[in-house]
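Here is a short briefing on one protein model. Please keep the sequence and the structure open while reading.

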Amino acid sequence: MSGKRVGFWVTGMVFLYGWWACVPLRAQVGQKPAAMGIPASQALVGDTSALAHEAQDWLVELVKINTTNPPGNEQAAAKYIAGILTKEGITPELLDVAPGRSAVVARLRSSAVPNPSRALLLVAHMDVVGVDRSKWTVDPFAGVIKDGYLWGRGSIDDKSMVAANLAAFIALKRGNVFLNRDVIFLATTDEEQFGEGSLKILIAKYWDKFAAGFAINEGGKVVVKNGKVQYVGLQVAEKVSVNVAVTATGKGGHSSVPSKDNPVVHLAAAVEKIGNYTAPVRLTSVVRRYFEGLSGIEDDETAKWLRVIDTPDRGEHAQRVLSDMNPMWNSMMRDTIAPTMLQAGVRANVIPSEAKAVLNVRLIPGDTIDVLVNELKKQVNDPAVKLEVMPDGGLAAPDSSMENDLYALITKDAAKEFGGAPVLPFLSTGATDSAQLRLHNVQAYGLRPFPMTEEDDARVHGDDERLPLASFPKGVDLLTKIVAEFAVTR
Ligand SMILES: [Zn+2]
């Protein structure tokens with residue numbers, strides 16, 4: 001074969017291969033009769049109420065699978081989800097991380113060759129925090145429905161998102177649509193403890209299975225006030241959790257002859273100073289935009305302060321007023337330090353030689369722990385007390401963009417779903433898995449699309465966690481529309 005011919009064939013092959021790789025694939029790979037829910041031919045952004053009804057049943061079943069972490073036992077939930085996907089003709093894969101602990105992943109392809117940078121990841125965690133059964137008025141793992149709520153641990157955090165993601169994902173498959181990007185469903189393990197089965201570990205072991213450029217996760221909220229949706233908080237950044245050990249040391253000895261170097265006394269004084277310290281305000285661009293948006297929808301008195309929060313003359317006073325008004329706003333404006341653990345002594349009549357405290361610090365993204373710790377050392381000003389950053393801290397991740405197509409689409413669809421309610425970018429004070437994703441160049445958005453009052457929201461991780469049943473179909477509808485509009489080729 002001549003050189004010329006080889007050249008022709010190679011070019012031709014490359015051309016053919018390139019063409020073949022771009023051929024759109026139907027999300028529905030194996031033809032099946034349309035399941036109940038939405039008919040295969042119906043437009044995806046049509047009525048999702050039947051689908052939401054099915055998804056509510058999945059949610060109830062997921063709540064009944066006790067995935068309290070530790071130990072997690074997420075494999076049982078993963079198998080249940082895998083069963084649902086299989087019935088839909090989708091091939092799921094279990095990603096094992098530890099005995100009894102597996103994540104579950106599935107993919108709807110847009111083309112034969114994946115393009116991770118375009119892919120959309122729908123991610124939610126299957127594990128839940130523990131319960132104090134004596135404080136619950138219902139069995140937290142029975143999936144009880146009463147008074148218009150689904151009661152149970154995980155009914156909000158985060159099994160509601162698992163079920164809604166599953167619904168949006170299955171809607172694409174049933175819709176038999178052409179996708180312009182891969183859509184990946186992932187239900188994860190060990191989000192609450194961030195240990196052996198965390199997303200960090202899943203990424204290290206299985207990144208190629210769910211690598212994506214965009215993600216929708218928990219972390220946001222749809223705030224209901226005075227009976228209607230006030231705004232949608234879309235999480236685009238989160239504070240960074242770092243623990244600091246405070247150790248006071250002294251000689252110790254018999255408590256009948258105390259001396260001035262009792263470490264219990266030194267530690268108590270240090271903790272008091274730290275506890276009363278207020279870090280300076282630093283407004284990030286996300287928080288500025290959040291307060292700006294809020295100033296348009298809050299009551300007049302609050303709005304008055306929100307509007308001047310960043311002005312040279314009245315800013316400082318406004319920051320103080322708003323910090324006192326709302327502890328979450330306070331935490332969104334500055335680094336916070338919460339002493340959370342104290343440990344000293346073994347006997348009533350023995351002065352210990354060491355006393356320890358743990359501080360949980362939540363840093364504004366971009367702030368560094370060393371700067372804060374140096375300031376705290378100055379405040380404590382005691383050579384008998386040492387402050388040390390503990391090694392289990394979170395990492396600061398870049399913010400997700402407030403300018404791209406997905407952000408715009410969420411804004412548009414949320415307004416449509418919730419009577420014109422605005423989407424405000426949100427810095428969450430708590431940590432989610434999105435930080436891990438953002439560290440891998442994923443534009444991750446925290447959206448918990450179910451409208452809820454602050455009162456119901458406050459039950460997350462608390463007693464009698466419950467999801468308002470009327471809000472679930474709205475969340476499913478919104479999520480399904482966002483996913484379809486972002487990923488379906490028209
Ligand atoms: Zn959660």
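N381 sits in the loop between helix 11 and strand 15; helices (H or I, at least four residues) and strands (E, at least two) are DSSP runs, numbered from the N terminus. Phi of N381 is near 50 degrees, a positive value in a residue other than glycine.

This is a predicted model, in which local features need pLDDT of at least 70 and side-chain atom pairs count only at pLDDT 80 or more, while totals for chains, interfaces and linings use all residues. Residues are numbered from 1 along each chain as its sequence is written, and side-chain values use heavy atoms, with hydrogens and water left out.

**Zinc site**

- The protein donors of the zinc ion are H125 (NE2), D157 (OD), E218 (OE) and E218 (OE), lying 1.9 to 2.7 Å from the ion.
- Donors are N, O and S atoms within 2.8 Å of the metal (3.2 Å for Na, K and Ca); water is not among the atoms, so sites may look incomplete.
- The four donor atoms subtend angles of 51 to 143 degrees around the zinc ion, which makes the arrangement irregular.
- Four donors count as tetrahedral if all angles lie between 85 and 135 degrees; four count as square planar and six as octahedral if opposite donors are over 155 degrees apart and all others between 65 and 115; anything else is irregular.
- The sequence spacing of the donor residues is H-x31-D-x60-E.
- Distant parts of the chain are linked by the pair D157 and E218, 61 residues apart.
- D157 is in the loop between strand 5 (149-151) and helix 4 (159-175), and E218 is in the loop between strand 7 (214-217) and strand 8 (221-225).
- D157 counts as buried at 5% relative accessibility, and E218 counts as buried at 5% too.

**Cis peptide bonds**

- D157 is joined to D158 by a cis peptide bond, with omega about 10 degrees.
- D158 is found in the loop between strand 5 and helix 4.
- Another cis peptide bond joins N69 and P70, with omega about -5 degrees.
- P70 is in the loop between helix 2 (49-64) and helix 3 (74-87).

- An open sheet of four strands runs in the order 12-14-10-15, with antiparallel pairing; two strands pair if DSSP finds at least two bridges between them.
- Strand 12 (336-344) and strand 15 (385-389) are the edge strands, and each pairs on one side only.
- From one strand to the next, the twist averages 20 degrees.
- Strand 10 (residues 240-249) pairs with strand 14 (residues 354-363) in the antiparallel sense, over ten bridges.
- The bridge partner of N243 in strand 14 is N360.
- Helix 6 (residues 263-276) packs on the sheet and touches strand 10, strand 12, strand 14 and strand 15; contact means heavy atoms within 4.5 Å.
- The direction of helix 6 makes about 15 degrees with that of strand 14; axes are lines fitted to C-alpha atoms, for helices over the stretch in contact, and angles run from 0 to 180 degrees between N-to-C directions.
- Helix 11 (residues 369-380) also packs on the sheet, touching strand 10, strand 12, strand 14 and strand 15.
- The direction of helix 11 makes about 170 degrees with that of strand 15.

- Helix 15 (residues 471-487) has 17 residues, which at 1.5 Å a residue should span 24 Å; its end C-alpha atoms are 24 Å apart, which agrees.
- The expected span of a helix is 1.5 Å times one less than its number of residues.
- L306 lies in helix 8 (residues 300-307) and is buried, with a relative accessible area of 3%.
- Not counting residues up to four places away in sequence, L306 touches F291, L294, S295, E298 and L322.
- L306 and Y290 are 16 residues apart in sequence and 9.9 Å apart in space, C-alpha to C-alpha.

**Other loop residues**

- H461 is in the loop between helix 14 (454-457) and strand 19 (466-468).
- Phi of H461 is near 70 degrees, a positive value in a residue other than glycine.
- H461 is partly exposed, with a relative accessible area of 43%.
- F178 lies in the loop between helix 4 and strand 6 (183-188) and counts as partly exposed at 31% relative accessibility.
- F178 and D392 are 214 residues apart in sequence and 44 Å apart in space, C-alpha to C-alpha.

How values were computed
Buried means under 20% relative accessible area, exposed over 50%, partly exposed in between (1.4 Å probe, protein chains only).
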